[in-house]
Amino acid sequence: MAKKPEKTNYKVVAENRRARYDYAIEDDLEVGIVLMGSEVKSLRVGQSNIADSYASVDDGELWLTNAYIAPYDRAMFTHEERRKRKLLCSKREVAKLWNATKREGMTLVPLVMYFNDRGLVKLKIATAKGKKNHDKRQTEAKRDWGRQKQRLLRHGD
């Protein structure tokens, strides 16, 4: 029996590319996000930025702070661009994240905001430790060596 082609509606809306450079990523988690209708419309157009944002645990709830979602032009009721947005995950996960941030001194960094296969907005957050300058240089040197190695293998020089 022939397999049906998969319909994947996975669409990346915003990506924090700087996070992997500035932080050593320990663990990541997919969470939902509470949005208004005009925010979802704006995300479908692709007008958002999570580069300067961070997540935190306040009063047993997970919040995304300083994420930018542009106002939607045709919306009757607009939203605040950089408001605090609630993130959805289980109480057990919130407790783990709280332990990581308060006891172990880690940071909750958003990596990617995307629409999943069902059309829901999801956010991938990571528990991370900040890198020092020498760690950043070491990562950059490793990346450069990988590029050079690929170039040499390709050209055979």
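## A buried arginine, ring contacts and a pocket

The side chain of R85 comes within 3.4 Å of the backbone oxygen of E80, a polar contact (a pair of N or O atoms within 3.5 Å; within protein, one must be able to donate a hydrogen and the other to accept it, and residues adjacent in sequence count only if both atoms are side-chain atoms). This is a predicted model, where local features need pLDDT of at least 70, side-chain atom pairs count only at pLDDT 80 or more, and totals for chains, interfaces and linings use all residues. Residues are numbered from 1 along each chain as its sequence is written, and side-chain values use heavy atoms, with hydrogens and water left out.

**Around R85**

- R85 lies in strand β7, residues 85-88; strands are DSSP runs (E, at least two residues), as helices are (H or I, at least four), numbered from the N terminus.
- R85 counts as buried because its relative accessibility is 0%; the cut-offs are under 20% relative accessible area for buried, over 50% for exposed and in between for partly exposed (1.4 Å probe, protein chains only).
- A polar atom of the R85 side chain also lies 3.1 Å from the backbone oxygen of E81.
- Leaving aside residues up to four places away in sequence, R85 touches residues including I33, L62, W63 and H79, where contact means heavy atoms within 4.5 Å.

**Rings and charges**

- There is one aromatic pair, counted when rings of Phe, Tyr and Trp (its six-membered ring) have centres within 6.5 Å; planes under 30 degrees apart are stacked, over 60 edge-to-face and the rest tilted.
- Y10 and Y114 form this tilted pair, at 4.9 Å centre to centre with 45° between the planes.
- The pair links distant parts of the chain, 104 residues apart: Y10 is in the segment before β1 (11-15), and Y114 is in strand β8 (residues 107-115).
- Y10 is partly exposed because its relative accessibility is 47%, whereas Y114, at 4%, counts as buried.
- The charged end of R44 sits over the ring of F115, 4.2 Å from its centre; this requires NZ of Lys or CZ of Arg within 6 Å of the ring centre and within 35 degrees of the ring normal.
- K84 lies over the face of W63, at 5.5 Å from the ring centre.

**The largest pocket**

- The largest pocket holds about 160 Å³ of space; a pocket is an open set of points on a 1 Å grid, with protein on both sides within 12 Å along at least five of seven lines, and lining residues have an atom within 4 Å of a point.
- Its lining includes D27, E93, K96, M106 and T127.
- Two or more lining residues come from each of β2 (23-33), α3 (91-102) and β9 (121-130), and α3 gives the largest share, four residues.

Methods:
1 Å grid on protein atoms, 1.4 Å probe; cavity = no way out; pocket = protein on both sides within 12 Å on 5 of 7 lines; lining within 4 Å. Points joined across faces, edges and corners; volume = space filled by probe spheres on them.
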